[in-house]
Amino acid sequence: MISVPVVDKPELDPQASLAKFTHKVFKVVLHEPTSGAQLGARPECRVILVPGPPDKGQGDVTVDGSSSSDSDEEEGEQGLWTMWAAQFKDAIMPEFEDGDDTTVTCSLHYMNITWKLLSAFMPPPTWKGGYPSFFSTLAMLAGLMAIVKEVAGMFGCAVGISEVMTGLSLVALGTSLPDTFASRMAAISDSNADAAIGNVMGSNACNVFLGLGIPWVIATCYYEARSEIFAVSSGSLGFSVIVFFGGAIVTLGILYWRRSVGGELGGTKRGKWVTFWMLIAIWLAFLIISGLYDKKHIPNTTDI
């Protein structure tokens with residue numbers, strides 16, 4: 001275990017409490033090991049200092065030098081609002097790392113600033129054990145998904161896209177972008193690819209087993225209570241599932257190839273771009289083949 005001392009920097013302005021609670025980011029880089037120790041493939045890690053409530057009852061010293069046992073409820077509320085304000089500051093200001101392209105980083109940041117600002121409205125995760133943040137985030141996601149579904153449905157109707165293709169393209173893209181950014185943060189923060197890939201797999205498993213299973217059970221119970229049969233035609237969705245299965249097999253092959261050349265994440269810049277465009281091509285191929293089948297350009301063998 002390596003201990004890294006964090007020394008508080010005194011503020012010139014005692015009223016500038018916002019700067020004290022802003023997230024601090026730095027890197028810890030290991031080099032020149034001694035006593036026979038060897039460094040792994042990744043000798044550095046990214047550390048994010050997240051402001052949290054003081055540990056009451058331990059007599060620890062807070063950022064401003066006062067004893068935590070002397071903190072009262074009013075001071076706790078002030079810290080809460082300070083952390084909340086820091087969330088908005090972090091959402092507005094882009095975060096740069098060594099070697100990042102400033103133009104690309106700023107472009108991606110301000111393209112997604114709407115979602116970052118919405119996330120900043122959520123209570124700080126360190127408040128009340130994180131329960132207010134968790135449940136308010138779930139409520140916000142439910143509302144956003146309802147809006148995305150309605151807007152995508154109206155857009156698909158306006159441009160002549162069927163409900164199946166609207167769900168496979170617009171709705172799926174809108175609901176998957178949050179997972180994409182969460183996986184990106186996991187890939188940056190963690191030393192391996194488990195969290196990034198596991199986040200995507202867990203999200204899809206939740207969508208399939210809960211997103212489909214719960215509404216199906218509710219609908220089945222409703223029609224069963226009315227002594228009616230609940231049956232829904234798959235339409236062109238069955239063919240799309242087969243195409244998706246083929247794309248998933250190819251993706252697993254790409255991940256296996258990436259592991260053989262150094263890892264699922266990281267590697268050379270050329271290798272990362274090649275993997276990126278290969279996965280984009282699989283997604284576009286899935287949409288194109290499913291769309292052609294939906295528009296009857298690919299014959300249905302069961303109708304012949």
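Contact here means heavy atoms within 4.5 Å. The model is predicted.

**Stop 1: the α8–α9 pair.** Select α8 and α9. On the α8 side, pick F239, S240, V243, F244, G247, V250, T251, I254, W257 and R258. These meet G271, K272, T275, M278, L279, I282, F286, I289, S290 and Y293 of α9. By class, this contact of α8 with α9 holds twelve nonpolar, six polar and two charged residues.

Now look along the axes. Two packed helices are described by the angle between their axes and the distance between the axes. For α8 and α9, the angle is about 170 degrees and the axes lie 9 Å apart. That makes α8 roughly antiparallel to α9, because angles over 145 degrees count as such.

**Stop 2: helix α6.** Select residues 163–189. This helix, α6, has 27 residues. From first C-alpha to last, α6 reaches 38 Å, close to the 39 Å expected at 1.5 Å a residue. Where is the kink in α6 centred? Go to L173: the kink there is about 40 degrees.

Next, colour M165, T166, L168, S169, S183 and A186, which are buried in α6. Then show the partners. The buried residues of α6 pack against α5 (131–159), α7 (194–225), α8 (237–260) and α9 (269–294).

**Stop 3: S191.** Move to the loop between α6 and α7, where S191 sits. Is S191 buried or exposed? S191 counts as exposed, because its relative accessibility is 61% and the cut-off is over 50%. S191 and E44 are 147 residues apart in sequence, yet 8.8 Å apart in space, C-alpha to C-alpha.

Notes
Residues are numbered from 1 along each chain as its sequence is written. This is a predicted model: local features need pLDDT of at least 70, side-chain atom pairs count only at pLDDT 80 or more; totals for chains, interfaces and linings use all residues. Side-chain values use heavy atoms; hydrogens and water are left out. Helices (H or I, at least four residues) and strands (E, at least two) are DSSP runs, numbered from the N terminus. The expected span of a helix is 1.5 Å times one less than its number of residues. The bend at a residue is the angle between axes fitted to the seven residues ending there and the seven starting there. Buried means under 20% relative accessible area, exposed over 50%, partly exposed in between (1.4 Å probe, protein chains only). Axes are lines fitted to C-alpha atoms, for helices over the stretch in contact, and angles run from 0 to 180 degrees between N-to-C directions. Angles under 35 degrees count as roughly parallel, over 145 as roughly antiparallel, 65 to 115 as roughly perpendicular and the rest as oblique. Ala, Val, Leu, Ile, Met, Phe, Trp, Tyr, Cys and Pro count as nonpolar, Asp, Glu, Lys and Arg as charged, and the others, Gly among them, as polar.
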